Amino acid sequence: AEREGFPASASSWSGCCCDCLGPRCVPSLVFRQERLGSGAMAAAAAGGAADPIAGKPVSELTSLFGQAVPVALGEARIRASTESAKAAETFLNRLQRSSEAWAVMTHVLEATAITEQGDASLYLAEAARVLASKVRHDMLGLAESSHASLRAMLLKHLLRTSGQAAARPAFRHLAVALAAAAVTMPSWTSVVPSLVAACGGPARLGSPEGTCEALALLTVLLELPTEVTRRETCISESRRSAVRTEITRGAEAVHSTLDAILASHSANVEIRSLCLKAFSAWVEERIMPVAVLPGSRLTSALLSGLKVEATFAHSSQLLVALLEHVDRDGTADDKTSVAGTVLPSIIDAEPLLRSLIPLCIDDETDDRAITLAAAAASAGCIAAHSLVGSTSALAPLRPGLARMMAVAAASGCRPVQMEAL
């Protein structure tokens, strides 16, 4: 069922392309490493009035794909002639633009085993990348009746590659493809709830056995806000607006999902990092509701990162994005609450900040101190504006803010940030 409904040009493939290829026939694709400067590859890559790819059997195109990828993208490129490398690149570009690419890349994902041996990881990564590009740019060429089966196939392989080091590039491209599908497929409604359900639901995501599912869901959630605003994605502005409205409506549920996963996997460094990155993505695009931020476990985790040098820079950057979101979209009460939550943590980071200043002065590319000074400036500005007339609330923060101003000056903070402090 996952293979049904692809374009007519791909209809020759249904489970197995030929007697020697297909998931029923072999556990993984094995391709001959031939010289690619002549013969079938050169013919398929050549231009001309007739399309050299249209109408060719999926089995033949899949075999040519397997020959081209190592020469165009892998270590074989070093040994290949210029003619061969150019023919391989041209073929892959033409294949990506063709309608046959849907079936060929799906077949490669289905038939390629996850292994560090040979070029398997390269085949998986390139197939996933091409599908992500097709979902972004060529969805109008795919019948809407095929959308559900395409989503199911992408999700299946996302889960299959999750947690697999050999398939990490493919995993990321598949997550991008699913996030793009949420934007380009009008028939896909209730995107986040359906993803949560497909990953086993809250119980599975919160269990130790659900680590791979959690990684898969978090990676899609990380990519989703960016895909909504990506101008290169071929959708109308009305569709873009509709998707943003839908995911904004479900953003509070996304926060609850991230919060629950973080609570259940707090000892898992990778999941903790992904939770914060996904949280940051939704904050940076101003989709996450401001009202949930002050008491959020995710905000607390972000602030705790200011206490450790290894996470200091990333946490500072997230904090700046969060404060900008609050300043633009929050109510006066939101600003007061957020300022009261984050300023003490910023002030508590002063000793670490002071220790970083000499490093930042010695290395002009090290902007960790300036980033936190910017966060302190943003928070101080929000606090000053929201607490005007409430001297009693602002007074306890003044000594810490004064110290931060001195630190900011020493770190090379820009004049506008100094003025805000």
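**The largest pocket and its helices**

A: Helix 14 gives the most to the lining of the largest pocket, with four residues (helices are DSSP runs of H or I, at least four residues, numbered from the N terminus). This is a predicted model, in which local features need pLDDT of at least 70 and side-chain atom pairs count only at pLDDT 80 or more, while totals for chains, interfaces and linings use all residues. Residues are numbered from 1 along each chain as its sequence is written, and side-chain values use heavy atoms, with hydrogens and water left out.

The largest pocket holds about 260 Å³ of space (a pocket is an open set of points on a 1 Å grid where a 1.4 Å probe fits, with protein on both sides within 12 Å along at least five of seven lines, and lining residues have an atom within 4 Å of a point). Among the 15 residues that line this pocket, Arg168, Phe171, Thr219, Glu270 and Leu274 are the closest to its centre. By class, the lining has five nonpolar, six polar and four charged residues (Asp, Glu, Lys and Arg count as charged, and Gly as polar).

Two of these contributors, helix 8 and helix 11, also pack against each other: their axes come within 8 Å and cross at roughly 50°. That makes helix 8 oblique to helix 11 (under 35 degrees counts as roughly parallel, over 145 as roughly antiparallel, 65 to 115 as roughly perpendicular and the rest as oblique). In their contact (heavy atoms within 4.5 Å), the residues of helix 8 include Phe171, Arg172, Ala175 and Leu178, and those of helix 11 include Leu215, Thr219, Leu222 and Glu223. The residues of this contact divide into 14 nonpolar, one polar and three charged.

Helix 14 (residues 269–284) has a helical partner in helix 13 (residues 251–264), and the axes of the two come within 9 Å and cross at roughly 165°. Helix 13 and helix 14 are therefore roughly antiparallel to each other. Ala251, Val254, His255, Leu258, Ile261 and Leu262 in helix 13 face, across this contact, Ile271, Arg272, Cys275, Ala278, Phe279 and Trp282 in helix 14. Of the residues in this contact, 10 are nonpolar, one is polar and one is charged.

Terms used
Axes fitted to C-alpha atoms, helices over the stretch in contact; angles between N-to-C directions. Points joined across faces, edges and corners; volume = space filled by probe spheres on them.
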